[in-house]
Amino acid sequence: MSYCECPERAAAHFRGIYGPDTRASFSGGLAHRVFARHLDQGEIESVQFEQVCREEIGSSNLNYKVAALGLKPSALGRVIEEVGLLYEKFKRLPAEGYEASEVFFEIEPTAGVSLVGRIDAVFDEDSGYKLVDWKTGALGEVALQLGFYAMLWALDRGELPGGIEAISVATGERYAEVPSRSGVQETAERVARMIDALRLAWETGSDLDRRGGPWCRYCPVLDGCREGAAAVEVSG
Ligand code: SF4
């Protein structure tokens, strides 16, 4: 997904260079922890909600982000309130067939290449396993991301998932697909082309394409990137 937006930014991520943490990503990360806890352990009572959020922060890498973002207790309290509003919406979503949350995959299809992904939730339905990705903002373009999850699942399990779906808890938007063999094959070919391009760039020291967009603002290599500077200026 990141590669499709801007290959050069994706290359930075693959080298372990990331942009600054943001309040939105912190809030989204906390919401995902709360959703997973709800599905695994049942509904969280309102009176316990703040304490549960603090436990989830303390037991995860969100703890480091509180310091990195310089979140004061009052600001953290506002984030917890916002996550609470999202949780009220999340509780209304059906949970029948729930199987597992935050399902992590790391697959090595060939030497030196690891394909890594984390699927928010898996549901066991009549048509097969459905892979679900929760969004805490607008839905955005999700087809490539879901296609990548379907490919990971197929590589790991040896069969296609019955469905893939992205749901914006914030807006109620949904995108769903039934994966096909040809679609998974197409994703695998796209990933192979990306790996070839990254390897070539690293071997030859050449630059990859730079594509400016809203993502530039948080790009770790924005400094010194002409395309990124132009994109940030246009977006204000
Ligand atoms: S600043 Fe924008 S255009 Fe430049 S590398 Fe980063 S994402 Fe790409």
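Arg-199 has its place in helix H8 (residues 181-204), where helices are DSSP runs of H or I with at least four residues, strands are DSSP runs of E with at least two, and both are numbered from the N terminus. Arg-199 counts as exposed because it has 12 C-beta neighbours inside 10 Å; here a residue is exposed if 12 or fewer other C-beta atoms lie within 10 Å of its own, buried if 20 or more do, and partly exposed in between, with C-beta atoms placed from the backbone. Arg-199 and Ala-11 are 188 residues apart in sequence, yet their C-alpha atoms are 9.9 Å apart in space.

This is a predicted model, in which local features need pLDDT of at least 70, side-chain atom pairs count only at pLDDT 80 or more, and totals for chains, interfaces and linings use all residues. Residues are numbered from 1 along each chain as its sequence is written.

**Domains**

- The protein is divided into domain 1 (20-90), domain 2 (98-195) and domain 3 (209-234), with bounds that come from an automatic or database domain assignment.
- Between domain 2 and domain 3, the C-alpha centres lie 28 Å apart.

**Surroundings of the ligand**

- The ligand is surrounded by 15 residues, of which the closest are Cys-6, Cys-216, Cys-219, Cys-225 and Gly-228; a residue is near a molecule or strand if its C-beta atom, placed from the backbone, lies within 6 Å of it.
- Two or more residues of this shell are given by each of helix H2 (7-14) and helix H9 (226-234), and the largest share, three residues, comes from H9.
- By type, the shell around the ligand divides into eight nonpolar, two polar and five charged residues, where Ala, Val, Leu, Ile, Met, Phe, Trp, Tyr, Cys and Pro count as nonpolar, Asp, Glu, Lys and Arg as charged, and the others, Gly among them, as polar.

**The largest nonpolar core**

- The largest nonpolar core has 35 residues, and those with the most contacts inside it are Leu-30, Val-34, Val-83, Leu-131, Tyr-149 and Ala-150; such a core is a set of buried Ala, Val, Leu, Ile, Met, Phe, Trp, Tyr and Cys residues joined through C-beta atoms within 7 Å.
- The elements that give two or more residues to this core include helix H3 (23-41), helix H6 (73-90), strand S3 (128-135) and helix H7 (143-157), and H7 gives the most, with seven residues.
- At least three residues of this core are drawn from each of domain 1 (20-90) and domain 2 (98-195).
- Ala-150 touches Leu-131, Leu-160, Pro-161, Ile-164, Pro-179 and Val-184, not counting residues up to four places away in sequence, where contact requires C-beta atoms, placed from the backbone, to lie within 7 Å.
- In soluble globular proteins, nonpolar side chains tend to be buried together.

**Strand pairing and hairpins**

- Strand S1 (residues 98-110) and S2 pair in the antiparallel sense over nine bridges, given that two strands pair if DSSP finds at least two bridges between them.
- Within this pairing, Phe-104 stands opposite Arg-118 in S2, and the hairpin of S1 and S2 has two residues between the strands, with Gly-112 in the turn at a positive phi of about 85°.
- S2 also pairs with S3 in the antiparallel sense, over five bridges, with Asp-124 opposite Tyr-129 in S3 and a hairpin that joins S2 to S3 through two residues.
- Strand S4 (residues 163-168) and strand S5 (residues 174-177) run antiparallel and are joined by four bridges, with Glu-165 opposite Ala-176 in S5.
- The hairpin of S4 and S5 has five residues between the strands, and Gly-172 there takes a positive phi near 85°.

**Individual residues**

- Glu-102, whose place is in strand S1, has a phi near 45°, a positive value in a residue other than glycine.
- Glu-102 counts as partly exposed because it has 15 C-beta neighbours inside 10 Å.
- Gly-140 is found in the loop between S3 and H7 and counts as exposed because it has 12 C-beta neighbours inside 10 Å.
- Glu-159, in the loop between H7 and S4, counts as exposed because it has 10 C-beta neighbours inside 10 Å.
- The C-alpha atoms of Glu-159 and Cys-225 are separated by 42 Å, and these residues are 66 residues apart along the chain.

How values were computed
Contact = placed C-beta atoms within 7 Å.
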